[in-house]
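This report goes through one protein model and its ligand. Please look at the sequence and the structure before reading on.

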Amino acid sequence: MPKDVLDAKVEEPETAARPAKLGEYPLDRSRPDGQRVAEAAHLLANAKAPLIVAGGGVHLSGAAEEVARLQELAGIPVATTNMGKGSVAETHELSLGVIGNALGKNLPNRQVRKLVDDADVIFFVGTRTNENGTGSWSLFPAGATYVHFDVDGGEVGRNYPAHRLVGDAKLGLQDITAELEKADLSPRVAARDDAARQITTAKETAAAEAAERISAPAGEKITPQQAMAVLDRHLGEDDIAVADASYSTLWMTGYLTAKKTGQRFISPRGLAGLGWGLPLAMGSQTANPDKRVVCISGDGGYGHVWAEMEAAVRNRQPIVSIVLNNSILGFQKHAEIAQFSQYTSAISFASVDHSAIARAVGAQADTVTNVDELEDALKRARDGSSFHLIEVITEADAYPPIAVWDDTDPEKFFG
Ligand SMILES: Cc1ncc(C[n+]2csc(CCOP(=O)(O)OP(=O)(O)O)c2C)c(N)n1
Ligand SMILES: [Mg+2]
């Protein structure tokens, strides 16, 4: 731009005034077709083993309360994708937790898989049925009837031929619930206890299996799962959890609990770009100044965004930023091994002191190597009012929580 053009005074054009109220999202909400809503309600009311699969669209629409209402009214079990986590409280007896690619043998939730296998009517809401949400399209039974509800008709039925519903999740779920309120739900009421029992049993088995993975001997170097178990105890129902791409997302979705309907767990699952974690946390904190935001990143991903710590400190954002430092690009290493049985030279880092980098820009920082130190650091960070980095030195050989690698010999990864 020439400088004289930049300097020129511009009269405000008459058309500049924009009186519309634009401070909310979504700006426009559309209702799905009434006849199709009635048919969907009929399918759900008469299903033997219905299952709702809630995706990130539920949060975008602000429809979590509506999903929870449907779960309660019709006694329908609810699972979520990674991005839909928190659509319902995971402490509810009819909540399965996160499914999709998160059902690998190193993630507790794989025990709920049987309930997914047995579902006869699957109701997708606010999900693109993409690779992660469907376990590479391996998860959902071929014989089930599908109802797919999304704001984008191009996504509806794209991967699973489905009864189609197109529109805003909040309004559409209200309509389906209104239809179900008129229906005979006695078969659903009768089936509820059995479904709740099956889910409870699956979760208890999962918890027993995970117990060994998440209990940490005092003073010893810890695994990401052990770190998540500590964090889960500290995470309040009003806190927002954010994760970077790579394993951080799966540690978060697999090992933290949505304690309340609508609680947010934000991760870059659309494109899975590394480095999104801290900027996502800063955006979350800006939008929710009164909430505690906790961010989980890997050391490689964090290296993309070190400079943002300065902005978070300068803007007095009291984010609790946890870096799981395993000194490798873990997911990348394991993907290369699984694919090629060897890995490239750029996988391992020299020793990097992330806490020193944080202190250099004026942040609080702790480096922790065991559970007790992590407990103390989390208490300090939660009570504090400024940006706080907790660098957790973790074991590099945490078995990758990726379902498609379940059959890979651990020797290959760590031998
Ligand atoms: C911008 C970007 N570059 C590369 C990748 C490919 N990638 C996926 S996971 C990963 C390793 C991440 O390592 P780290 O952040 O240390 O997490 P870890 O897996 O060790 O927990 C890489 C390089 C990506 N997703 N995004
Ligand atoms: Mg790493």
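By class, the residues of the shell around ligand 1 comprise eight nonpolar, ten polar and one charged. Here Ala, Val, Leu, Ile, Met, Phe, Trp, Tyr, Cys and Pro count as nonpolar, Asp, Glu, Lys and Arg as charged, and the others, Gly among them, as polar. The shell has 19 residues, and the closest are Gly298, Gly300, Gly301, Gly330 and Phe331. To belong to the shell, a residue needs its C-beta atom, placed from the backbone, within 6 Å of the ligand. Helix 10 (247–255), helix 12 (299–303) and helix 14 (330–340) are the elements that give two or more residues to this shell. Helices (H or I, at least four residues) and strands (E, at least two) are DSSP runs, numbered from the N terminus.

The model is predicted: local features need pLDDT of at least 70, side-chain atom pairs count only at pLDDT 80 or more, and totals for chains, interfaces and linings use all residues. Residues are numbered from 1 along each chain as its sequence is written, while chains are lettered from A and ligands numbered from 1 in the order in which they are written.

Six strands form an open sheet in the order 8-7-9-10-12-11, with parallel pairing. Strand 8 (265–266) and strand 11 (364–368) stand at the edges with a single partner strand each, so one side of each is left without a neighbour in the sheet. Two strands count as paired if DSSP finds at least two bridges between them.

Strand 9 pairs in the parallel sense with strand 7 (residues 240–243) over four bridges, and with strand 10 (residues 320–325) over five bridges. The table lists residues that stand opposite each other in these pairings.

| Residue in strand 9 | Residue opposite |
|---|---|
| Val293 | Ile240 |
| Cys295 | Val242 |

Is strand 9 enclosed or open? Six of the six residues of strand 9 (residues 293–298) are buried, so the strand is largely enclosed by the rest of the structure. A residue is buried if 20 or more other C-beta atoms lie within 10 Å of its own, exposed if 12 or fewer, and partly exposed in between, with C-beta atoms placed from the backbone. In a regular strand the side chains alternate between the two faces of the sheet. Both faces of strand 9 are covered, with Val293, Cys295 and Ser297 buried on one side and Val294, Ile296 and Gly298 buried on the other.

**Domains and core**

The domain assignment of the protein chain gives domain 1 (34–201) and domain 2 (217–413); such bounds come from an automatic or database assignment. Their C-alpha centres lie 29 Å apart. Contacts link 25 residues of domain 1 with 23 residues of domain 2, a contact being a pair of C-beta atoms, placed from the backbone, within 7 Å. On the side of domain 1 that touches domain 2, helix 4 (residues 64–74) gives the most, with three residues. That side divides into ten nonpolar, eleven polar and four charged residues.

The largest nonpolar core has 105 residues, and those with the most contacts inside it are Leu44, Ile52, Val67, Val125 and Ile390. Such a core is a set of buried Ala, Val, Leu, Ile, Met, Phe, Trp, Tyr and Cys residues joined through C-beta atoms within 7 Å. Domain 1 and domain 2 both give residues to this core, so it lies between them. Leaving aside neighbours within four places in sequence, Ile52 is in contact with Val67, Leu70, Gln71, Ile76, Val78, Phe123 and Val125.

**Backbone details**

Most residues other than glycine have a negative phi, and most peptide bonds are trans. Trp137, which is not a glycine, has a positive phi of about 60°. Trp137 lies in the loop between helix 6 (131–134) and strand 5 (145–150) and counts as exposed, with 12 C-beta neighbours inside 10 Å. Ser246 also has a positive phi, near 70°. This serine is in the loop between strand 7 and helix 10, and Ser246 is buried, with 22 other C-beta atoms within 10 Å.

A cis peptide bond, with omega about -5°, joins Tyr25 and Pro26. Pro26 is found in the loop between helix 1 (3–7) and helix 2 (34–45).

Terms used. Two residues are in contact if their C-beta atoms, placed from the backbone, lie within 7 Å.
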